[in-house]
Amino acid sequence: IATIEDVDLTNKKVLLRVDMNSPIKDNVIMDTSRIRSHIKTIKELVELGSKVVIMSHQGRPGESDFISLKSHTEILSKLLGFNVEFVGDIIGPEARKRIATLEVGEVLVLENTRFLSEENIEMPFEQLMNTNFVKKLSHLFNYYVGDAFASAHRSQASIAGFPLVMPAVAGRVMEDEIKGLSKAINGERPSTLFIGGAKLKDAIKIMNHLIKTKKIDNILTGGLVALLLLKAKGYNIGKAEKIIEEKFASLIPEAKELLKYDNIFLPEDFVSDVDGNVEVVSSKEIKGSPKDIGPQTIDYYNELLKNSKTIILRGPAGVIEDERFRNGTIKLATESLNSNAYVIFGGGHFISILNDLPPMLRKRIGYISTGGGAVVYFLSGEPMPGIEALALSYEKFFKGLK
Ligand code: 3PG
């Protein structure tokens, strides 16, 4: 992979793919860590005298976090200390006209890449190269900089399409993540992954892969991931039945397969919202809406965490946006850091509870990754299109020149 050092960026137009995908509540950005993480790369590109055009996605179509990048741009301006321009367009005449007239030192943000329906389809590389997205924009730039490590597991045009048709280098976040996580890949055993959250398709795929390849010793589950497994086991999961049935029913057969492994652990109890009251309920008799893992689960997960040498936390364990259901995620982080293991925090949810931890404990974190799903993909050795495309770009445009 080529990096920023390998190219002369003076006076050059650079298309920079970052990942500013942030937690959103009522259209407001709740945590700016992902945006902050890319400041280093953007500053460097500006200092090197390039003209920078930024693209990122935010949320997924149909979800409440699927919003414009206007407010992300305002945050970028504040963090960078100069005006960053936003254009509410991606490949249309408005965006292309503005890109054409961009001056050195100017930074422009395009609209949410997923507003283009094409971007939402994961495709093989040959097809990505031929998308409208890539065709309309690539010739307007000298270089592509891939900095969106957190999305590198997606075979989408903005991530893996451009590097195939133009010289592409890795940005600083991409570089740091690959270096930081490579250290953990050969981490000491036993290793434990905690996996929670609501991205169930990714979770099932990765659990399967990790268990079959024996890359991890224990998998502890929380969040909707755990509820899907419990449902597959035939348990009644209270008010979570609806979401699993409506959105994730197709994953139940695969989830059932995973139940036969005795190193995948399920919660014994939950903290549930029962008609507005917070109650601890047993996994065997879930009432109301289960929103966090319960105290018994925390104790028994803690036993496994204590004996681990490498821990990866890919959360969250519950609905941490609600104060009443933050405890499980915070406790798991605390217990992990109190062990002697090398602890990796993966993804926005664990990053957003950092302030809930005492500074002494925070210091013990081995590595904090901006990636959520991407971390687990990387550690499991699954190919990551965003990294593979950068490597292919190196082969095609740089090799032999060095
Ligand atoms: C993430 O938050 O994991 C990345 O931004 C990728 O988002 P996605 O899972 O919607 O593709």
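Visitor: Where is alanine 198 found?
Guide: Alanine 198 sits in the loop between strand S9 (191–195) and helix H9 (200–212). Helices (H or I, at least four residues) and strands (E, at least two) are DSSP runs, numbered from the N terminus. This is a predicted model: local features need pLDDT of at least 70, side-chain atom pairs count only at pLDDT 80 or more, and totals for chains, interfaces and linings use all residues. Residues are numbered from 1 along each chain as its sequence is written.

Visitor: Why does alanine 198 count as partly exposed?
Guide: Because alanine 198 has 16 C-beta neighbours inside 10 Å. With C-beta atoms placed from the backbone, 20 or more others within 10 Å means buried, 12 or fewer means exposed, and in between is partly exposed.

Visitor: Leaving aside neighbours within four places in sequence, which residues is alanine 198 in contact with?
Guide: Gly223 and Leu224. Contact means C-beta atoms, placed from the backbone, within 7 Å. Alanine 198 and leucine 224 are 26 residues apart in sequence, yet 5.2 Å apart in space, C-alpha to C-alpha.

Visitor: New topic. How is the protein divided?
Guide: Into domain 1 (4–176 + 383–398) and domain 2 (178–380). The bounds come from an automatic or database domain assignment. The C-alpha centres of the two domains lie 30 Å apart.

Notes. Two residues are in contact if their C-beta atoms, placed from the backbone, lie within 7 Å.
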